[in-house]
Amino acid sequence: MKIISKEIIADYSGIRIIKLTLGSPAISQKAKAGQFVVVMASEEGERIPLTIVEADSKAQSITLIFQEVGLTTKALGALNVGDALYALVGPLGHPTEIKNWGKVILVGGGVGIAEIYPVAKSLKAASNNITLILGAKTKGLLILEKELSDIADKIYVVTDDGSVGQKGFTTDILAELLKENKYDLVYAVGPVPMMKKVSFVCAPVNIKTIVSLNALMVDATGMCGCCRVTVAGKVKFSCVDGPEFEAKDIDWVELQTRNSMYLDREKHICKLKNGS
Ligand SMILES: Cc1cc2nc3c(=O)[nH]c(=O)nc-3n(C[C@H](O)[C@H](O)[C@H](O)COP(=O)(O)OP(=O)(O)OC[C@H]3O[C@@H](n4cnc5c(N)ncnc54)[C@H](O)[C@@H]3O)c2cc1C
Ligand code: FES
């Protein structure tokens with residue numbers, strides 16, 4: 001699990017998005033689109049889940065893309081080529097159902113764009129017609145546009161400030177497309193408010209809509225209950241039952257509440273570790 005390469009793919013106004021390729025013979029053989037790993041940057045660090053963006057079985061490596069948001073992602077971002085992670089477990093979670101659905105819209109918001117990349121690639125290989133909607137706060141934080149343009153039959157870019165593509169939100173484009181054409185599947189990954197809105201936009205059209213949830217996780221084995229979500233009125237654990245679920249079945253309010261549970265404590269710990 002040594003770092004083979006490191007690239008800072010976005011660095012805008014103090015927000016960095018980093019791409020790390022790690023040696024991992026076992027995970028690279030098995031990983032499928034939609035799955036994730038749990039990493040520990042150091043022995044005393046916490047475990048965090050990150051999507052497997054690419055798995056190269058020949059090179060025996062996997063690629064992760066993450067945004068530095070708190071203690072662990074910042075610790076990971078501080079590592080360099082040649083350094084080793086303390087722990088890496090995976091592949092975890094159910095893979096995405098890859099088949100010929102027909103016309104698919106994939107919606108990626110922020111670093112969620114990295115998470116839709118392997119799904120878009122696999123769906124394209126299964127002969128789907130791919131429409132992509134990529135959303136970022138601003139041009140400097142838009143990632144993988146070139147790579148995804150090579151896969152997509154059609155691609156739309158939106159930014160909050162209009163610095164590239166159309167000004168607005170991914171869901172504005174989604175609503176327009178669903179009005180004009182018939183699609184067979186919508187797949188979305190991004191911030192919870194975006195996925196919740198995708199769910200509301202898709203509901204009246206009655207189109208199958210899958211989201212990959214970023215519930216908080218601790219053990220990622222279905223034992224601790226941290227990633228609990230209510231799906232169609234039943235308790236599910238995102239790590240072992242997901243991370244993908246049908247959008248219309250999710251209790252979004254509960255998910256948002258649970259995800260902000262440790263907000264104050266995380267800010268406090270981050271300050272302590274930074275010595276301020
Ligand atoms: C299955 C899965 C796959 C993921 N894949 C990726 C990925 O490929 N790239 C990536 O950048 N991130 C991904 N995430 C989110 C990533 O795990 C979190 O950003 C990370 O745990 C934050 O850890 P931290 O210690 O740096 O920040 P913390 O100190 O834990 O948190 C800092 C801030 O981020 C918020 N936060 C923490 N965890 C999450 C989360 N899961 N979702 C939303 N906000 C969160 C906190 O509420 C807080 O505001 C994934 C999450 C899941 C569940
Ligand atoms: S992270 Fe512990 S049950 Fe899913």
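This is a predicted model: local features need pLDDT of at least 70, side-chain atom pairs count only at pLDDT 80 or more; totals for chains, interfaces and linings use all residues.
View 1. Taken alone, ligand 1 exposes 870 Å², of which the protein buries 85%.

**View 2. The shell of residues around ligand 1**. There are 24 residues around the ligand, and those that come nearest are Glu46, Pro49, Ile65, Gln67 and Thr73. Sorted by class, the shell has 14 nonpolar, seven polar and three charged residues. At least two residues of the shell are supplied by each of β4, β6 (61-67), α2 and α9 (263-273), and the largest share, four residues, comes from β4.

**View 3. Thr73 in helix α2 and Ile48 in strand β4**. Thr73, placed in the helix spanning residues 71-77, counts as buried because its relative accessibility is 9%; leaving aside neighbours within four places in sequence, Thr73 is in contact with Ile48, Phe66, Gln67 and Glu68. Ile48 belongs to the strand of residues 48-51 and is likewise buried, with a relative accessible area of 12%. Not counting residues up to four places away in sequence, Ile48 touches Val37, Val38, Val39, Thr72, Thr73 and Leu76, and the C-alpha atoms of Ile48 and Val37, which are eleven residues apart along the chain, are separated by 8.2 Å.

**View 4. The salt bridge between Glu68 and Arg16**. The side chains of these two residues meet with an N to O distance of 2.9 Å. Because Glu68 lies in the loop between β6 and α2 while Arg16 lies in strand β2 (residues 15-23), the pair ties together parts that are 52 residues apart in sequence. Glu68 counts as buried at 14% relative accessibility, whereas Arg16, at 22%, counts as partly exposed.

**View 5. A salt-bridge network that includes Lys248 and Asp249**. The closest N and O atoms of Lys248 and Asp249 are 3.2 Å apart in their salt bridge, and bridges that share partners join Lys208, Glu246, Lys248 and Asp249 into one network. Lys248 is exposed, with a relative accessible area of 59%, while Asp249 is partly exposed at 25% relative accessibility.

How values were computed: Residues are numbered from 1 along each chain as its sequence is written. Chains are lettered from A and ligands numbered from 1 in the order in which they are written. Side-chain values use heavy atoms; hydrogens and water are left out. Buried means under 20% relative accessible area, exposed over 50%, partly exposed in between (1.4 Å probe, protein chains only). Contact means heavy atoms within 4.5 Å. A residue is near a molecule or strand if one of its heavy atoms lies within 4 Å of it. Accessible areas come from the Shrake-Rupley method with a 1.4 Å probe; for residues, only the protein chains shown count as cover. Ala, Val, Leu, Ile, Met, Phe, Trp, Tyr, Cys and Pro count as nonpolar, Asp, Glu, Lys and Arg as charged, and the others, Gly among them, as polar. A salt bridge is a side-chain nitrogen of Lys or Arg within 4 Å of a carboxyl oxygen of Asp or Glu.
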